[in-house]
Every structure is written in C-alpha cells, then in structure tokens.
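Have the structure open in your viewer and keep the selection tool handy. We will walk from one stop to the next, and at each one you will learn what to select and what is there.

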Amino acid sequence: MSIVERIKATGEKKGLNLTQIERGAGLSTRTIYRWDKNSPSVDKVLAVANFLNTSLYWLVTGNYDDIPFDAEFMQQYEKLSDLDKEKIKYFMEISLIKATDRKPNNFIYYEIPKAKYSFVQETPGYYQTAQDVIAVLGYVAAGTPIEGISIPLGYISAIPHADYALIAKGQSMEPVILDGEYIFVKKCDSLDPGDIGIFYINGDVTCKRYQLLDDYLVLQSLNPGFKPFKYSLNGDYDFKIQGKVILTDEQNARFS
C-alpha cells in the first residue's frame, strides 16, 4: 500500500476524500495525488497526519513499529534530497525561533493576542489594539523557492496596506530586501509587471519581481548575481500570486 493509499484509507474511515483532506491540511488541489510519483516533503505529510489525527510514521512507512524517534527521524532524513534537507532545516529554524530573537531596531514584537480586541503594550502608558499589528507568518525564500511554511512567529507593528509579514531567507532580493529582514505583504491575486510579489510555485514559495515577456512569466531577482526563473504561460505547473510586497521606507530608499 502506497502513502496515497494509506491516506485515502484513513480518510475514508472518517468520511473524507482526498480533496477534503488536502483542503483540511492546507494543501493545494491534487497535491496528495502527486505523491505516488514524487516524494512529499515532511511538513506536508505531517500536516496530513495532524489533520487526520493519525500516526506520521504509519503514513510514511505503513507500519507501527516502535523504534526510537531519533533513529526513525534519521532513517527518513537520509532518504531526502539535498533540497528537501534544506527545507527541513528551514522548518526547524521556524519552529525553534522566538519572536524577540529576530526583532529589528525599528519594530516592536508582540505576543500573539488572545482575541481580536485584546490589548498589547508598546510603551509605558500607551496601548494598541490587535488591529494595529499584523502576524509574522514565517520565512519566504529570497533565492531558490523553498517549501511554503506558515508558522506564526508573533506579531509586529503594521505598516499601511500590509496584511501580514514574512522574513526573507537568502540574498537574491538584495540590496533592497536583506536576508533576515521583514517583508510586508498585501494579499492579492494579480500584479502589474515590475511589482515585487510573493509567489506559490508547485508547492514552493518565493519573493521575486514579476515580469511578463512574450509567452513567458519571469520571476526576477533584484540581485544581478541570481538567474531569473522563467515559466511558459502554456506550461503545466501550479502557480499562484499570493500577494504584493509593500516596501518599507528604508527598502524603498534602497530600491530608488
């Protein structure tokens, strides 16, 4: 029995088909179907296991053998490609990081509000509502696209028009967006040529400048040392625009 068959069988016991499982686990349509041909990333299988409330080890291996976790993890880890090992490293960084560890000088981190109208203190005697802050939803690749992981790290002060923030990973958008710097994003599904955006490509997410050239979609780095990513407009790939990057005043000054 393959991993897809095990997921399907588990879902059927709960009255769920694969499409419903994908939606519930936060995956794009037909992601699980592709796992019969392509090895899935660990965090996606974990999302499915959590949604189905079943054993990750059973979904991956098909048995419930009681082996030590470290041995199990290393056995599976060594089977991954170098790129998937990098994705695991990013996922571990996101899981272990504390919001205050990445706090820049010009922003203040907040604990995640307990409710929409809970209050968080910025300076003595001054309070903001949760509506004045936005979530930091993890890393996004400023380089080779990496797995899209959205793990809330905390909340920061909002800037105009931004719906959420990410942390840049890589140097391809330098000198405008620096490695480790916040990227503020406005949710949208369309961009004008030349806009900087957040893009979903076959399960991976990246930050790039959006261009259209003849029959090609081009995702361009701002760092000239990085090659652009080109995609045929007639190609068979899963592509979505997730949002437009709203540059800070400092980033705009570098862009100019």
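## Stop 1

Select L166 first: the bridge partner of L166 in strand 8 is I183. Before going on, please note that this is a predicted model, in which local features need pLDDT of at least 70 and side-chain atom pairs count only at pLDDT 80 or more, while totals for chains, interfaces and linings use all residues. Residues are numbered from 1 along each chain as its sequence is written, and side-chain values use heavy atoms, with hydrogens and water left out.

Helices (H or I, at least four residues) and strands (E, at least two) are DSSP runs, numbered from the N terminus. Now widen the selection to strand 7 (residues 164-169) and strand 8 (residues 182-187), which pair in the antiparallel sense over four bridges. Two strands pair if DSSP finds at least two bridges between them.

## Stop 2

Select strand 9, residues 196-201. Are its residues buried or exposed? Six of its six residues are buried, where buried means under 20% relative accessible area, exposed over 50% and partly exposed in between (1.4 Å probe, protein chains only). In a regular strand the side chains alternate between the two faces of the sheet. Colour I196, I198 and Y200 for one side of strand 9 and G197, F199 and I201 for the other, and you will have both covered faces in view.

Strand 9 runs antiparallel to strand 10 (residues 204-213), with six bridges between them. It also runs antiparallel to strand 13 (residues 239-246), with five bridges. Centre on Y200 to look both ways: Y200 stands opposite V205 in strand 10 and opposite K240 in strand 13.

Then follow the chain into the turn. Strand 9 and strand 10 form a hairpin with two residues between them, and N202 in the turn has a positive phi of about 50°.

## Stop 3: two loop residues

Which loop holds T248? Look between strand 13 and helix 7 (249-255). T248 has a relative accessible area of 14%, so it is buried. Show its neighbours too: leaving out residues up to four places away in sequence, T248 touches I159 and F184, contact meaning heavy atoms within 4.5 Å.

Move on to K227, in the loop between strand 11 (216-220) and strand 12 (229-232). K227 counts as exposed because its relative accessibility is 73%. Draw a C-alpha to C-alpha distance from K227 to S172: the two are 9.1 Å apart in space and 55 residues apart in sequence.

## Stop 4: helix 1 against helix 3

Two packed helices are described by the angle between their axes and the distance between the axes. Select helix 1 (residues 3-13) and helix 3 (residues 42-52), whose axes come within 11 Å and cross at roughly 20°. Helix 1 and helix 3 are therefore roughly parallel to each other (angles under 35 degrees count as roughly parallel, over 145 as roughly antiparallel, 65 to 115 as roughly perpendicular and the rest as oblique). For the contact, show I3, I7, T10 and G11 of helix 1 with V45, V48 and L52 of helix 3.

Finish on helix 3, whose buried residues are D43, K44, V45, V48, A49 and L52.

How values were computed: Axes fitted to C-alpha atoms, helices over the stretch in contact; angles between N-to-C directions.
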